Amino acid sequence: MRKFLIVTTFLAAPLAAQDHPADKVSAERLQADVEKLVSFGTRHTLSEQNNPERGIGAAVDWGAETFREISAECDGCLEVVLPETTVEGRRIPTPTRLRNAVAIQKGTERPDEVVIVQGHIDSRVTDPLDWESDAPGANDDGSGTALVIEAARVLSERRYPTTIIYALLSGEEQGLYGGRLMADWVESQGYTVKAVLNNDVVGNSCGSDGFCDADNVRVFSEGPRADLTESIRAAQRREGGENDSPSRNLSRWLDGTADETEGGLDVRQIWRVDRMGRGGDQIPFLEKGYPAVRITVAVEDYEHQHQDLRVEDGTTYGDTVDEMDFDYLAKVTQLNVRALDRLARTPMPPAPVARAAVQTFTEIEWAPVKGADSYRVVMRRTDAPYWDPEQEVVVAQGGAEGAKPIAGSFDLDGNIRTMSDSQTNVVTFGGIRGDDWIFGVSACSGDMCSPVASAVPAGSFVPIAEEGDDTA
């Protein structure tokens, strides 16, 4: 029987430590990449495929070649692939070639466990079928594309236990075609997806009404999961979990990551899938049950996205480089890099189950997670939006000599016991009536802890289809 250690000292190192990959992010490189993307004239999905200087074909080729150049600098650490399909449908009237440019930085310990950072490389003007007019697409989504490339540059200098995937997606403006191609490809590879960070419109700090906000970035996350079955949906109605999807907990985790970084952006959590009436490439991943969020600017500038280049009634329209804030884009990129650096080092979140029916105590049980040396058990009242830092305990495996404790501030008062066998970990909270609380567990490696997985129906970070109807 393995021993556990309960710890009450906070030992986590600050994220703002020296020599972090995020410190190497360059606003100048980001601007140069956006300007290169704009130089292709248009990157519309229906535009030219074989012209080396104009159109979507040239842009995707450039993205793939840029990944190859980065790989050459890290002794071939990136595998570059171009998933491809032919699409026809909404906003694509004829069969059209669709390609994504993808770079894979394989993990050293858990190569099939992946975190994905992505942006879409295509652009458009007012008419979504107009593939001939110039469509600079500087902010939408040259900013996200440049962010992904810059993340590859700085993170490829290090090696991580988990695989990082950098993806440039086509066809977003026609209906998330590239996102679906990417989600299908990820599924076909048999990957376990820890998180998807979709960056779309991340390069301006002032809105079309003149209101500016250079201090915040929005993170959108779903509530009830897109892949819920009828039986699990019914279980959530009874037991809760509407606010505890993996994506929602990923959003909370990103907020906490941002808060630990001095001088960075603050995360404004938006608890809906996307902006009202709109969508992004995180949605195809959510539909498959993968944890995914959309990262976007605090305030949008509608006059400089999805617009023909023109001056009308004294107002200049068009998604051009001069309307962007590259210092702001650099900060969003740094947030992504810090998150990816941490996610690629943490284990997968556990799949905890809470048992509290008709009893005066609560048991939280979860299976061991590969790569974890300790676990953080957290709780909050059912009407509280965030995990309570004053209500947490860390359980470290291996006994006192082998344990690597991180934090613990929950006053146990003798009301907790721990036990384990070779199959499961169990923490019992005496005197805690589970009806009044939501519980969660994160897995830690050293001082790096995963996002929390809630002990609710559909709270675990894997597609429901993989777990079966009766699991949490």
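**Overview of the whole protein.** Residues 24 or more positions apart account for 75% of the contacts in the protein with a separation of 6 or more, where contact means heavy atoms within 4.5 Å. What you see here is a predicted model, in which local features need pLDDT of at least 70 and side-chain atom pairs count only at pLDDT 80 or more, while totals for chains, interfaces and linings use all residues. Residues are numbered from 1 along each chain as its sequence is written, and side-chain values use heavy atoms, with hydrogens and water left out. The protein has eleven helices and 22 strands; these are DSSP runs, numbered from the N terminus (helices: H or I, at least four residues; strands: E, at least two). Of its 472 residues, 60% count as buried (buried means under 20% relative accessible area, exposed over 50%, partly exposed in between, with a 1.4 Å probe and protein chains only).

**Close-up of helices α7 and α9.** Two packed helices are described by the angle between their axes and the distance between the axes. Here, helix α7 (residues 246-259) meets helix α9 (residues 326-343), with axes that come within 10 Å and cross at roughly 110°. Axes are lines fitted to C-alpha atoms, for helices over the stretch in contact, and angles run from 0 to 180 degrees between N-to-C directions. The pair α7 and α9 is therefore roughly perpendicular (65 to 115 degrees; under 35 is roughly parallel, over 145 roughly antiparallel and the rest oblique). Their crossing is right-handed, a term used if the near helix is turned clockwise from the far one by less than a right angle, with anticlockwise giving left-handed. On the α7 side look for Trp253, Leu254, Thr257 and Ala258, which meet Leu335, Ala339, Arg342 and Leu343 in α9. These contact residues divide into six nonpolar, one polar and one charged (Ala, Val, Leu, Ile, Met, Phe, Trp, Tyr, Cys and Pro count as nonpolar, Asp, Glu, Lys and Arg as charged, and the others, Gly among them, as polar).

Among the buried residues are Pro246, Arg248, Asn249 and Trp253. The end C-alpha atoms of α7 are 20 Å apart, in agreement with the 20 Å that its 14 residues should span at 1.5 Å a residue; the expected span is 1.5 Å times one less than the number of residues. Ser247 also has its place in α7 and, at 1% relative accessibility, counts as buried. Beyond its neighbours within four places in sequence, Ser247 is in contact with Ser221, Glu222, Leu286, Tyr290, Pro291, Ala292 and Val293.

**Close-up of helices α2 and α3.** Helix α2 (residues 56-73) packs against helix α3 (residues 138-155) at an angle of about 15°, their axes being 10 Å apart. The two are therefore roughly parallel to each other, and their crossing is right-handed. Trp62, Thr66, Phe67 and Ile70 of α2 make the contact with Val148, Ile149, Ala152 and Arg153 of α3. Sorted by type, these residues are six nonpolar, one polar and one charged. In α3, 17 of the 18 residues are buried, so α3 is largely enclosed by the rest of the structure.

Cys444 lies in β20 (residues 437-445) and counts as buried, at 0% relative accessibility. Look too for Gly371: it is 73 residues from Cys444 along the chain, yet their C-alpha atoms are separated by 8.1 Å.
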